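Open the model in your viewer and keep the selection tool at hand. We will go from one stop to the next.

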Amino acid sequence: MILRSRHKITGIVVFSFISVLAFFLSPGLLEKVYGGFIFPLVRVIFSILIWIPFPLIYLVLFSLLVWLALLFRGKGSVKNKALRSGALTLSLIFLFYWLWAYNYKRIPFGARFPVTLASVDSQALREELQFAAQFLLENSPGHRSYPSIKETEGMIRPWVDSVCRAYGYRTPGMIRVKALYPKGLLLRIRTAGFYFPHGGEAYIDPGLHELQVPFTMAHEMGHGFGVADEGACNFIALMALHRHPDSMMRYSGAMGYFRYVAGAYRFYFPEDYQQFRDQLPLQVQDDLNQINARLLKYPDIFPKLRDRIYDRYLKMQGIDEGLASYDRIIDMVREARRRGVW
Ligand SMILES: [Zn+2]
């Protein structure tokens, strides 16, 4: 029994040591080893579980609760229980890196798609708002039937896959994006979706308006294919949907982009934005109103706390811009037009 514990402790120490060592590897080497081999292998292994219809996070959380309950109800000293809990926590943190988060340390998206244009000033932002509105109108859907979350998954996966591959990500296996119930669970912490490394799959909030589902889902799929940067996942989602044959998918992408540009513009020029919005076609205004009404159904529980924690987390992972990195999509879209790859 003691021998088994010793083996376990040695295993955890060696695992932790290698995990910490990996932080100090160069992005180029991590790209080759992690991006080229380990992460694709993780994807293939998780592909075995894609048939499971419910979110794997339920199973993982349930197992953790059972483990903790058994540990604390069982025999043994408090010190021993604390040590075992600590070892489990450490293992879960390092697993988080092996299963996904070393993607933060790979060659950044900015090096795969360098943005040479200067960031938008007020004039350029106004022009971009005009462009985003025009883009939205050009992609007005020919129908108003929304596919289910499951159907959307199948419709967009090949398109996100091909955009990710174009930027040098290896994408074997299959990535699932499931609805995480109860509705509003994520929206109440200002989150539309997230990727869960310990289950190898992503989730979106089913409380989202149907028009937001394809764009949010494509963003999360980007994470699933190893893209860590938030702005890059937004850009990849838009590029994937922009090329989609279904007009509703294209409209969702255009709507996602419009809301980013509009959010940035409204922040600086709220009155001017309101005037601009009032002149949009009624159908677009109605869609924007419906999206906002749906989001208002699930108000924030901790209005500022989530932003602060997530901003701190992103900075810890080397994303200096923190939450502002989501808005990088605006510079990327302008750059794509400049390069003629739009
Ligand atoms: Zn994201």
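Predicted model: local features only at pLDDT ≥ 70, side-chain atom pairs only at ≥ 80, totals over all residues.

Next, select strand E2, residues 193–196. E2 pairs with E3 in the antiparallel sense, over four bridges. Pick Tyr-195 and look across to E3: Ala-202 stands opposite.

Pick Val-177 here. Which residue of E3 stands opposite Val-177? Ala-202 does.

Stay on E3, residues 201–204, and show its side chains. Are its faces covered or open? Both are covered. Glu-201 and Tyr-203 are buried on one side, and Ala-202 and Ile-204 are buried on the other.

Zoom out to the whole chain.

Then select where the domains touch. On the domain 1 side, 22 residues are in contact with 19 residues of domain 2. Which elements give two or more residues to that side of domain 1? Select helix H2 (27–46), helix H3 (56–73) and helix H4 (78–99). H2 gives the largest share, eight residues.

Last, colour that side of domain 1 by class. You will find 17 nonpolar residues, four polar and one charged.

Terms used
Residues numbered from 1 in each chain as written. Buried ≥ 20, exposed ≤ 12 C-beta atoms within 10 Å, placed from the backbone. Pairing = 2+ DSSP bridges. Contact = placed C-beta atoms within 7 Å. Nonpolar A, V, L, I, M, F, W, Y, C, P; charged D, E, K, R; others polar.
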